[in-house]
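Let's walk through this model together, one region at a time.

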Amino acid sequence: MFKQFGIVFWVSSITVFLLVLIGAIAPNAFANVAGAIFDFTTYAFGWFYLLAVLFFVLFCIALAFTKYGKVRLGSDDSRPEYSFFTWIGMLFSAGFGVGLVFWGVAEPMSHFFTPPRVTVDPLTDVAARTAMQYSFFHWGVSQWSVFTIVGLAIGYFQFRKKEDGLISTTLNPIIGSSNRQYIRKPIDILAVIATVMGVATSLGLGILQINGGLNIVFGIPNNGIVQLIIVFVLLLLYLSSTTTGLNRGIKYLSNLNLTLAIVLTLFVFIFGPTVFILNTFTLGLGDYISNFLNTSLRLTPYQGGTWVRDWTIFYWAWAIAWSPFVGAFIARVSRGRTIREFVLGVLVVPPLIALFWVAVFGGTALHFDLFKGTDIATAVNNDITSALFTTYAQLPFTFVLSLVSILLILTFLITSADSATFILGTMTSNGSLHPPLFLRIIWGTLMASIAAVLLFSSGLEGLQTASLVSALPFTVILIAICYSLFRALKKEVFVKKPKEKPLKK
């Protein structure tokens with residue numbers, strides 16, 4: 001059975017297994033090393049992350065609004081495999097996972113309590129506006145541009161050029177179509193490890209939030225033992241979903257996720273401060289657009305501090321670590337769409353949904369603290385996992401809302417993990433569109449294990465570090481992918497047919 005697996009599987013799986021083993025045996029040492037790496041990478045390479053992500057945004061926009069936008073991810077006569085609603089549901093579930101549910105209230109209230117700028121006083125109306133501006137920025141087009149780059153490249157080479165779905169294949173125009181395994185294998189191994197770390201980060205965040213919700217709703221202790229139990233239950237659930245395949249389990253769960261998210265959003269929108277939410281969304285959108293370049297390139301070399309490193313740079317690193325998985329998955333479900341349709345769909349619709357989510361949930365929490373005398377920001381500062389459920393305490397049907405939210409988090413986690421096992425199976429089986437079930441089970445188990453170790457050893461900081469470390473070298477690969485994709489498109493679009501010579505009379 002194992003003979004069919006190549007070096008990409010063995011090196012990446014053994015690397016992840018060793019990390020799990022070290023973290024389980026020496027959690028304190030593991031946490032200390034992770035913390036030191038986190039500090040170094042954010043300090044030394046923060047500028048690189050910021051410049052790279054801004055470049056990705058500009059590159060995606062350029063592709064969409066030039067002649068390259070007409071090229072299909074597939075043959076010229078191919079058409080989309082999934083309906084628009086199902087497609088968006090899959091993008092939403094895979095791209096955001098549980099992150100948006102976790103940070104939708106937690107981030108604005110964290111910025112409200114500790115503003116991004118030292119010139120802004122905390123817990124004021126100015127702090128609230130600044131909090132929404134940065135929350136919009138972190139969940140807007142920048143994060144999704146990273147996913148778009150990888151998805152476009154994989155979709156183009158896999159469905160139009162009939163190549164395999166590996167990250168290394170997207171670099172064919174640069175490294176050539178010959179084997180060159182000494183270049184290809186390290187790239188694919190790095191992509192697999194980055195994917196495992198990125199997904200483990202989201203699994204860990206979701207597990208923390210589920211535990212926080214269960215603690216508030218049912219009084220279940222918020223500790224490592226409960227979190228390990230949640231990891232085990234989650235593992236069983238998403239491995240069960242894995243056996244049903246892409247067109248059943250993931251498809252149905254994605255539709256369920258989007259439906260539950262819409263129901264929760266509409267409920268809070270209607271029963272919360274509706275006009276305030278609309279005003280917050282409109283003003284936040286304006287602040288986001290007008291300050292986009294400033295926030296995209298903001299660092300604080302003159303005044304010091306770690307706010308940008310702890311938030312913006314972490315988000316970009318997390319997105320980059322996620323990108324091999326999310327990009328490969330959205331490429332897989334986007335066959336037949338044009339580049340323009342793909343870019344506008346991926347780069348506009350999910351971010352708009354995310355911004356409205358933040359405006360509804362984060363705006364509601366801000367309204368209660370500013371005008372109703374609540375103290376949600378302090379509660380979030382004390383326990384960030386309680387953010388959403390503390391806000392629900394101010395709304396009707398608190399218990400029902402909390403239960404539905406826990407269900408939403410759970411289905412998000414199952415969908416993300418299920419999708420990730422599929423993509424990791426593809427990545428480690430030479431780009432197969434139908435990776436072996438046994439291979440997907442192995443990756444599902446390893447992902448749950450590394451998430452458990454990170455939670456047990458260093459909690460949220462360990463999860464953040466995992467994303468940062470794996471993302472740094474992959475950022476260089478993403479820039480190379482942009483150049484490679486541009487070369488391939490330029491060659492295709494500008495290839496000239498030989499002119500026919502006029503017939504002699």
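Which residues make a nonpolar surface patch of about 770 Å²? The patch is built by Ile225, Leu228, Ile229, Phe232, Val233, Leu236, Leu237 and Phe456. Before going further, a word on ground rules: this is a predicted model, where local features need pLDDT of at least 70, side-chain atom pairs count only at pLDDT 80 or more, and totals for chains, interfaces and linings use all residues. Residues are numbered from 1 along each chain as its sequence is written, and side-chain values use heavy atoms, with hydrogens and water left out.

Back to the patch. Patches take residues with over 30% relative accessible area and no salt bridge, joining like charges within 9 Å and nonpolar side chains (Val, Leu, Ile, Met, Phe, Trp, Tyr) within 5 Å. The areas themselves come from the Shrake-Rupley method with a 1.4 Å probe, and for residues only the protein chains shown count as cover. Helix 9 (residues 224-242) supplies the largest share of the nonpolar patch, seven residues. Helices here are DSSP runs (H or I, at least four residues; strands are E, at least two), numbered from the N terminus. Ile225 sits in helix 9 and counts as exposed because its relative accessibility is 58%. For the record, exposed means over 50% relative accessible area, buried means under 20%, and partly exposed is in between (1.4 Å probe, protein chains only).

Now for the charged side chains. Side chains of opposite charge can pair when their charged atoms come close. The rule used here asks for a side-chain nitrogen of Lys or Arg within 4 Å of a carboxyl oxygen of Asp or Glu, and by that rule there are six salt bridges. One of them joins Glu81 to Arg332, with the closest N and O atoms 3.7 Å apart. Glu81 is in the loop between helix 2 (27-64) and helix 3 (84-96), while Arg332 is in helix 13 (residues 307-332), so to speak distant parts of the chain, 251 residues apart. Arg332 is buried, with a relative accessible area of 8%, whereas Glu81 counts as partly exposed at 40%.Another salt bridge pairs Asp287 with Arg129, and here the closest N and O atoms are 2.8 Å apart. This pair links distant parts of the chain as well: Asp287 belongs to helix 11 (residues 274-290) and Arg129 to helix 5 (residues 125-138), 158 residues apart. Asp287 counts as buried at 8% relative accessibility, and Arg129 as partly exposed at 45%.

How do helix 5 and helix 11 pack? Their axes are 9 Å apart and the angle is about 65°, which makes helix 5 roughly perpendicular to helix 11. Axes are lines fitted to C-alpha atoms, for helices over the stretch in contact, and angles run from 0 to 180 degrees between N-to-C directions. Under 35 degrees counts as roughly parallel, over 145 as roughly antiparallel, 65 to 115 as roughly perpendicular, and the rest as oblique. The crossing of helix 5 and helix 11 is right-handed, a term for the near helix being turned clockwise from the far one by less than a right angle (left-handed if anticlockwise).

Next, find Lys161. Lys161 forms a salt bridge with Glu492, the closest N and O atoms being 3.5 Å apart. Since Lys161 lies in the loop between helix 6 (141-160) and helix 7 (172-175) and Glu492 in helix 18 (residues 437-493), the pair ties together parts that are 331 residues apart in sequence. Lys161 is partly exposed, at 36% relative accessible area. Both residues also belong to a network of salt bridges that links Asp76, Arg160, Lys161 and Glu492.

Helix 6 itself is mostly covered, with 19 of its 20 residues buried. Its axis and that of helix 2 come within 8 Å and cross at roughly 60°, so helix 2 and helix 6 are oblique to each other. That crossing is left-handed.

Finally, look at two backbone details. Most residues other than glycine have a negative phi. Lys162 is exposed, with a relative accessible area of 64%. Leu123 has a phi near 60° too, a positive value in a residue other than glycine. You'll find Leu123 in the loop between helix 4 (99-113) and helix 5, where Leu123 is partly exposed at 42% relative accessible area.
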